[in-house]
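Dear colleague,

Here is the structure I said I would pass on. My notes on it follow below.

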Amino acid sequence: MSIFVLVVAVALALLSLLLYRRLAVAPRWPDAVRRGVALTLALGWVALLLAFAMQSGVIDPRPARWVAWAGMTWLALAWYLLLGSVVLGIGALALRRAHRPQARLRLLRFGTPVVVVAALATTGYGVSEAATPSVNVAMLTSPRVPEGLDRLRIALVTDLHVGPVRDRAFTQSVVDRVNEAHPDIVLLGGDLVDGKVEQVADAIAPIAGLEAPLGVYAVSGNHEFISGEADAWMRQWETLGVTVLRNRGTVVARDGSELHLAGVNDLTATGADATDVDAALAGTTADDFTILLAHQPLTAKRVQGRGVDLQLSGHTHGGQLWPFRYFVPLQQPMVDGAGLVGDVPVFTSRGAGAWGPPERVLAPPEIPVITLRNGERQVLERLD
């Protein structure tokens, strides 16, 4: 992890240097302004480096979570400063090639403050957007839904990313919102935490307060494995009353009907923890109504033709920060919401939290509640 932090430090230093040249040097600001820009960028670099060190567990985040919050928020601000600088730079380059130096300087003098204000406004909006996940409604209608499971309500909670930035209070707020929705069952779709068990366990503890008559079940996400303590985290969740589905299935009964619930480890897991859909679906038949809980929607490609009636996933964050939404399809078959991946109906949540920056730009956080209904034809749809 120390090598990771070192690589990040160099990359962030290069980003800071680039921003300094575009925001301070190119517009030819006076020396006093340049020094102010340089100081701001240096402080942002330090805060962000500390934030990544806390994220990776090199530094315990508990004494100074505000530093991690400030550093990660700076990362989002730097991203939008970079985007604005690129747009402004394209215009400046065109004027340079047209041999219009004075017009180029006027553009930079006028455009640079506009870029800064726009980046600040976007970052502020993103912080506000990410603060409170909404409870959204979806429905799976299918003739395969058993009578006893008709109107069963499933709350899907994914991607909390509790750790250096998100603390116990955030977890509690999510738990309160889930409980207010009165689900029959709660499914935790992975990436609940960032960091080490010793440092972050207290922040995830409110999960023990989730209320669901049919139980709370969970699978791992890629960030549990990134922490290097995936097994320890899953054992920790079990102490909170959560049933962890590690490449295995279970049967949940209601009113004489059975829901076959299967869960797999994340696709990034290796060795004995590697994703094993055969083990998860062992014992299920074509007549069973089966839900698969898998962190990544991509997992659906591994269960084609296996009779899975619904897969519930997260991971994508809906892109989290615009315009990353448009890059998600390069790695996943869907970005968010309801859709078919081959023959598997998949609902992908944008997640309740945020990784890195505590920000959401055009990808609001959510806690989906999916209702099962018996009907003549199969339809999976978002209703909010």
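**Salt bridges around E366**

E366 and R382 form a salt bridge through their side chains, at 2.6 Å from N to O. This joins distant parts of the chain, since E366 belongs to strand β12 and R382 to strand β13 (residues 379-382), 16 residues apart. Please keep in mind that this is a predicted model.

E366 has a second salt bridge, to the side chain of R350, at 3.6 Å from N to O. R350 sits in the loop between β11 (344-348) and β12 (366-374), while E366 is in strand β12, so this pair ties together parts that are 16 residues apart in sequence.

R382, at 25%, is partly exposed.

**Other salt bridges**

The whole structure contains 11 salt bridges. One of them is between the side chains of R246 and E238, with an N to O distance of 3.9 Å. Both partners are partly exposed: R246 has a relative accessible area of 28%, and E238 has 39%.

**Helices α3 and α4**

How do α3 and α4 run relative to each other, roughly parallel or roughly antiparallel? Helix α3 covers residues 65-97 and helix α4 covers residues 101-131; their axes come within 8 Å and cross at roughly 150°. Angles over 145 degrees count as roughly antiparallel, and α3 and α4 are therefore roughly antiparallel to each other. The crossing of α3 past α4 is right-handed.

Which residues make up the nonpolar surface patch? They are Y125, W322, F324, Y326, F327, L330 and L362, and the patch has an area of about 800 Å². Among these residues, W322 is located in the loop between β9 (310-313) and β10 (337-341). W322 is partly exposed, with a relative accessible area of 38%.

Regards

Note on methods: Residues numbered from 1 in each chain as written. Predicted model: local features only at pLDDT ≥ 70, side-chain atom pairs only at ≥ 80, totals over all residues. Heavy atoms only, no water. Patch = residues over 30% accessible without salt bridge, like charges linked within 9 Å, V, L, I, M, F, W, Y side chains within 5 Å. Areas by Shrake-Rupley, 256 points an atom, 1.4 Å probe, with all protein chains shown as cover. Salt bridge = Lys/Arg side-chain N within 4 Å of Asp/Glu carboxyl O. Helix = DSSP H or I, 4+ residues; strand = E, 2+ residues; numbered from the N terminus. Buried < 20%, exposed > 50% of the residue type's maximum accessible area, 1.4 Å probe, protein only. Axes fitted to C-alpha atoms, helices over the stretch in contact; angles between N-to-C directions. Parallel < 35°, antiparallel > 145°, perpendicular 65-115°, else oblique. Left-handed = near helix turned anticlockwise from the far one by under 90°.
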